[in-house]
Amino acid sequence: TPTVAVIVVAAGSGTRLGHAEPKAFVLLHMRPLLDHALDSIFGMKEPVQIIVVAPVDRVADARAIAVRAAARHEAPTGFVTLVAGGRTRQDSVDQGMNALLPSVDVVLVHDAARALTPAALCDGVVAAVRATGHGVIPGLPVVDTIKRVAESGAILGTVDRSELSAVQTPQGFPRAMLEAARAWAVQNGRFEALTDDAALVADAGNPVSVIGGHPLAFKITTPEDLERADLILQAAAP
Ligand code: C5P
């Protein structure tokens, strides 16, 4: 039985992508984004519990995609769980947390929208959580100069980019730490404000550190992102 679970949050609408379909079901090289995202998870070194959080009216579709992905990877479907998501990303993560197997002690939360994430990045996050015993998230240095700008367009200041990191998923945590932090956030009325898992865990007073991310773990948000993902796959395939 797996000791690692990956919660793949795929219940967003993806309004910014400009498709009628929820984002996880939008096609990229003839396969839904969710199908690509599951490649990263099935490609991990150790067998993991996979919890897919799908839009409430698309759970059956998501299950069919997961079964197909498992077959392609010759993986059993016994540790694949499908659940319906909620209104916000945090609500969706909650639904996923409720489905954890008792044997799981490390939890990764991953955006289905980061469809091209290398499996090795997921393995690296698991290894770092085990080595440190705390929260670990991947991040990349920020290359652009970042300004704080007023509504009028006036520049208020330049942020020191040497201390900035653009963070990605999967975000990994010891299960007990993530569960306690989520309970703490709910009790203290912080749940709505803290949109990412690392912020929630850090807010409850736990250490979270950043390890090197990967350019392919970018989040597909806009039509341009989808086009970029398509070009990357075209270049990779013969
Ligand atoms: O909207 P955004 O791209 O920031 O969402 C990040 C991830 O969270 C996506 O993979 C999306 O499917 C997921 N999400 C969710 N449930 C929501 C909102 C977003 O699972 N209610």
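A residue is buried if 20 or more other C-beta atoms lie within 10 Å of its own, exposed if 12 or fewer, and partly exposed in between, with C-beta atoms placed from the backbone. By that count, helix H1 (residues 33-42) is mostly covered, with nine of its ten residues buried. The model is predicted: local features need pLDDT of at least 70, side-chain atom pairs count only at pLDDT 80 or more, and totals for chains, interfaces and linings use all residues. Numbering starts from 1 along each chain as its sequence is written.

**Overall fold**
- The chain has seven helices and twelve strands; these are DSSP runs numbered from the N terminus, helices being H or I of at least four residues and strands E of at least two.
- The radius of gyration is 18 Å, close to the 18 Å that the globule rule gives for 238 residues, so the chain is as compact as a globular protein of that length. The radius is taken over C-alpha atoms, and the rule is 2.2 Å times the number of residues to the power 0.38.
- Along the principal axes, the C-alpha atoms fill a box of roughly 55 × 40 × 35 Å.
- Of the 238 residues, 37% are buried.

- In H1 the buried residues include Leu33, Leu34, His36 and Phe42.
- Cover for the buried residues of H1 comes from elements including strand S1 (4-9), strand S4 (49-54), helix H2 (59-72) and helix H4 (119-132).
- Helix H7 (residues 223-236) lies largely in the open, because the number buried among its 14 residues is one.
- H7 reaches 20 Å from its first C-alpha to its last, close to the 20 Å expected at 1.5 Å a residue (1.5 Å times one less than its number of residues).

**Core**
- The largest nonpolar core has 58 residues, and Ile7, Val8, Ala10 and Leu34 are among those with the most contacts inside it. Such a core is a set of buried Ala, Val, Leu, Ile, Met, Phe, Trp, Tyr and Cys residues joined through C-beta atoms within 7 Å.
- Beyond its neighbours within four places in sequence, alanine 10 is in contact (C-beta atoms, placed from the backbone, within 7 Å) with residues including Ala24, Leu34, Val52 and Ala112.

**Ligand shell**
- Around the ligand are 18 residues, of which Val9, Ala11, Gly12, Ser92 and Asp111 come nearest. A residue is near if its C-beta atom, placed from the backbone, lies within 6 Å.

**Valine 210**
- Valine 210 lies in strand S12 (residues 208-212).
- Valine 210 is partly exposed, with 17 other C-beta atoms within 10 Å.

Terms used. Contact = placed C-beta atoms within 7 Å.
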